[in-house]
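Biologist: I'd like to go through the ring contacts in this one. Can you put it up?
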Amino acid sequence: MEAPSMTKIGKLKKFLLLLFCFFAFVNIGQAQDQDIEVEASLSETNVFSGEQVTLELTIRGSSFGSLQQPGIPDFEGLRWIRGSTSRSTQYTLVNGQPSVSYTFGYAFVAESPGDFTVPSIEVNIEDETYRTDPISFKVLDPSTIDSGEAERAPDIYVRLEPSTTDPYVGEQVITNVVLYFKNGIEVSSYQPTPGWKAEGFWKEELQYPQRAQTTSTIINGVRYNKAGLLQYAIFPTKSGELTISPFEISVSVRQRSSRNSIFGMGQERMNISSQPVTIDVKSLPELDDAIFIGAVGQYDISRKISTGSALVGESIEIVTEIDGSGNVPLVNKPEFEYPAGLEEYTPQEQTDISRLNRNVSGTRIFTDILVARNEGSYMIPEARIAFFDPNRERYVIETLPEISFTAERDPNATISTESELRFNVEPVTGLAQWQSSKHTVLYQKVWVWILIFLPLLLTAAAFGYKKYNDRMNTDTAFARSRTATDTAQKTLEEAENETDIKKGYHLLEKALIQFITDKLNLPPAGLSHREIARNIEELGDSEFTKELKRLLDKCESIAYAPNISQQGLDADIQKTKTLIKEIGKLT
């Protein structure tokens, strides 16, 4: 009885094997029908005569039959180094579909200077012909390099690269922090120095890849590796010539061949700072027939009402939504004209900001809350809202249509009526004695004089507050000086709560430098400890200068010194608070 059973199982296995082969054959046939991509690329498109470059030919697809090494046609500008061809293969599986990629590499040497083109390369795959796109490249003459300038070129530096140098007020300027370093230098890590201030700009840090992508470029005849580290969106807040302050980073570098290298043979940590960048900010044009809400960019503006009918005393919401890209955080609430009989309450705001894709975008929603005090029909007139589009260099006006609604009295509300109230009051007789009160002259009453002088005092106080507020908004030096103590105290509070002693001393140093530069209206970055101490010494107190130098030197060397106790940090924080208080008296 067992033999027939074994035969059946063997037949089942054969059937399943044939079924599997059938589906595998179908899948292979389908994969072969899929598109095949052929692409050519040059490692450099700007090369010096005599410099070596690589031409890569990549073929991608789901499956190939036989694939021969493609031939390279002859073309001017580059000489092929025969025998240097390389080949690599990569297999991937995406969503259950296999994919294979073949890459052929060809080494070339650049010859005579000029502008040239790598022609289209033909690749034959299974009786089908595929062609790559032509590639333009330029061969440069090394004799045109200024040798003196090339020798003076730094081995490594950082630059701020704004997307434009002549924006409008409020326009989004994408600013890249880019690191340049020569061949032979390895950068293992970098760390931005905290506290970068872009004076005169609103700043937003954009989300950027954690791992910097490196490309090659030629600057003043010198080849550099170029790596984008960080990206910011900055928005100028006023017109005229503005300067983007230097950006400082700390990098770990190592040079592979270093007989006369400034880095030595090992790895070194160094601080480098970018040069300031000056941009010319243009004023926005005049606008007469619309409401400008401070929006600069590309936006969609809409307005709606929560309900078309409500009861008297019931709240109604007017929702204005502003969606787009640009200076979203700086967009103001539009002010609408509301008819009499509507009582306005404190409006609500909601902001959703995105910092992806090299852009600041998002939505601002403003909600006006209204209450009708009387029954009837109400009409909110149309409004013309404007934003400035820097791409078109003009205002774009959105017309919001009028909104109407009705308010009805609540039939369930309690109706109160006024009726004449009669009190039976009779005079008191008997032992009661009636006396007349002493008459006081009006000008002798205190409350009269209070009523006379109170408006004057309130007016004077309001004028003083407005003058102070205007100066805080227009006079940068005055605003920095007035807020210096509060800013320093907040930083010192962070230092007191910091468990990492070295980081605590970094915050202590930051509080001292920020307080002194704000109080004395000095540049917020770029000054050495010696220059800061010299400015304090000019105030006339050498004792404060000695204590200041001691604290700054300790903060500077703490990163390389052994850990000290928490009590030592707390004592230095108290000394810093005292020093800030005394310096504040001198200024």
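**Aromatic contacts**

Modeller: Start with Tyr232: at 8% relative accessibility it counts as buried, where buried means under 20% relative accessible area, exposed over 50% and partly exposed in between (1.4 Å probe, protein chains only). This is a predicted model, in which local features need pLDDT of at least 70, side-chain atom pairs count only at pLDDT 80 or more, and totals for chains, interfaces and linings use all residues. Residues are numbered from 1 along each chain as its sequence is written, and side-chain values use heavy atoms, with hydrogens and water left out.

Biologist: How many aromatic pairs are there?

Modeller: The count is 15 aromatic pairs. Rings of Phe, Tyr and Trp (its six-membered ring) pair if their centres lie within 6.5 Å; planes under 30 degrees apart are stacked, over 60 edge-to-face, the rest tilted. One of the pairs is Tyr232 with Phe247, which is tilted, at 5.9 Å centre to centre and 55° between the planes.

Biologist: Which parts does that pair tie together?

Modeller: Tyr232 is in strand β16 (residues 222–236) and Phe247 is in the loop between β17 (240–244) and β18 (248–255), so the pair ties together parts 15 residues apart in sequence. Strands (E, at least two residues) are DSSP runs, numbered from the N terminus.

Biologist: And Phe247, buried or exposed?

Modeller: Buried, with a relative accessible area of 1%. Another pair, Phe388 and Tyr395, is edge-to-face, with 5.2 Å centre to centre and 75° between the planes. Phe388 is buried at 0% relative accessibility, and Tyr395 is buried at 13%.

Biologist: Which residues do ring pairs link into a cluster?

Modeller: Tyr168, Phe292, Phe388 and Tyr395.

Conventions. Helices (H or I, at least four residues) and strands (E, at least two) are DSSP runs, numbered from the N terminus.
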